[in-house]
Amino acid sequence: MLTERVWSGNSLRNFHYLIACPETGEALAVDPLEWRMCLDAARRRGWEITQILNTHEHADHTGGNAGLKAATQAKVAAHAGAAARIGGIDRGLHKGDVIKVGRTVELECLDTPGHTMTHVCLLSHTETPALFCGDTLFNAGAGNCYNGGQPEALYDTFASQLARLPDSTRVYPGHEYLARNLEFTLDREPGNEDAQRLLGEARHHDPAKATVTTLGEEKRINAFFRLQNPTVIARLREAFPDIGERPDPKTVFVRLRELRNRW
Ligand SMILES: [Zn+2]
Ligand SMILES: [Zn+2]
């Protein structure tokens, strides 16, 4: 499996991805909003985009479908429950479906509600797994839930699916928000040395060359994976005294999400 991350440079800070078969050069474009950039990137690599995947129905992920489809005749896939809202979908996806790219690439569809209730993540079946996670999981953060989502569902997705993937899994989110998210982690947990170190790099990096984190790293730098950390809980109680001394992980997650909305 070959992967190319395409940095949009737009104000929404979108990341697009091309996932290609090394034998056939066929490629899948993930959330190709700035579709001409994706097309250019594919041409530079000698790849042919034959499929488009939308992780969810928001326009900043689907807005490039029509242009890219017209240019390539690629087939578009998205969560079956989002197909009617997106329009022009050729394949509605369900949990466990496999997307094949060329002869060698297989991507498993995870049904990951929370940011919206019809959101898929793609998990590669490769020696080092890769997770294309749209607006569910960001580097050092979690997607918001105020445009069709539910924080309780997002917690369940994190706890029952994402946290159980191998620590070596590489994380490919739909937007670049690393520095801002690390600042939130450090506001929750000022002594988090891993987050401090990465923030030093993130403030100076060119987003086009931003670090690709792993799930193992996320568990150290992402407050939304650190729900039983005593400092995280103590700091959260300052904002929400009603959660008590020993809140369950779901309560911590939901309140962290609420705090992040106005942070
Ligand atoms: Zn979204
Ligand atoms: Zn988005």
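Student: In the hairpin of S7 and S8, which residue takes a positive phi?
Tutor: Gly 102 does, with phi near 65°, and the hairpin has three residues between its strands. Before we go on, this is a predicted model, where local features need pLDDT of at least 70, side-chain atom pairs count only at pLDDT 80 or more, and totals for chains, interfaces and linings use all residues. Residues are numbered from 1 along each chain as its sequence is written, chains are lettered from A and ligands numbered from 1 in the order in which they are written, and side-chain values use heavy atoms, with hydrogens and water left out.

Student: How do I read the labels, and in which sense do S7 and S8 pair?
Tutor: Helices (H or I, at least four residues) and strands (E, at least two) are DSSP runs numbered from the N terminus, and two strands pair if DSSP finds at least two bridges between them. Strands of a sheet pair through backbone hydrogen bonds, either parallel or antiparallel. Here S7 (residues 98-101) and S8 (residues 105-111) are antiparallel, with four bridges. Val 101 has Val 105 of S8 as its bridge partner.

Student: And what is the bridge partner of Asp 111 in S9?
Tutor: That is Val 120. S9 (residues 120-124) pairs with S8 over five bridges, in the antiparallel sense.

Student: What is the strand order of the five-stranded open sheet?
Tutor: The order is S7-S8-S9-S10-S13, and the pairing is mixed. S7 and S13 (170-173) are the edge strands, each pairing on one side only. Neighbouring strands here are turned by 25° against each other on average, direction ignored. For such angles, axes are lines fitted to C-alpha atoms, for helices over the stretch in contact, and the angles run from 0 to 180 degrees between N-to-C directions.

Student: Which strands lie at the edges of the six-stranded sheet?
Tutor: That open sheet runs S1-S2-S3-S4-S5-S6 with mixed pairing. Its edges are S1 (2-7) and S6 (91-93), each of which pairs on one side only. The twist averages 25° from one strand to the next. For a parallel example, take S5 (residues 75-79) and S6, joined by three bridges; Ala 77 has Arg 91 of S6 as its bridge partner.

Student: Now the metals. Which protein donors does the zinc ion (ligand 1) have?
Tutor: Donors are N, O and S atoms within 2.8 Å of the metal (3.2 Å for Na, K and Ca); water is not among the atoms, so sites may look incomplete. For this ion they are His 56 (NE2), His 58 (ND1), His 115 (NE2) and Asp 135 (OD), at 2.1 to 2.3 Å. Their spacing along the chain is H-x1-H-x56-H-x19-D.

Student: Why is its arrangement called irregular?
Tutor: Because the four donor atoms subtend angles of 91 to 167°. Four donors count as tetrahedral if all angles lie between 85 and 135 degrees; four count as square planar and six as octahedral if opposite donors are over 155 degrees apart and all others between 65 and 115; anything else is irregular.

Student: And what are the donors of the zinc ion (ligand 2)?
Tutor: Asp 60 (OD), His 61 (NE2), Asp 135 (OD) and His 175 (NE2), lying 2.0 to 2.2 Å from it. This site is irregular too, with angles of 87 to 155°. Asp 135 bridges the two zinc ions, which lie 3.5 Å apart. His 61 lies in helix H2 (residues 59-62) and His 175 in the loop between S13 and helix H6 (178-188), so the pair ties together parts 114 residues apart in sequence.

Student: Last one: which residues lie nearest the centre of the largest pocket?
Tutor: His 115, Phe 138, Asn 144, Tyr 146 and Tyr 177, out of 17 lining residues. Helix H10 (residues 249-261) gives the largest share of the lining, three residues. On a 1 Å grid over the protein atoms alone, a pocket is an open set of points where a 1.4 Å probe fits, with protein on both sides within 12 Å along at least five of seven lines; lining residues have an atom within 4 Å of a point. The volume is about 330 Å³, meaning the space filled by probe spheres set on the points, which are joined across faces, edges and corners.
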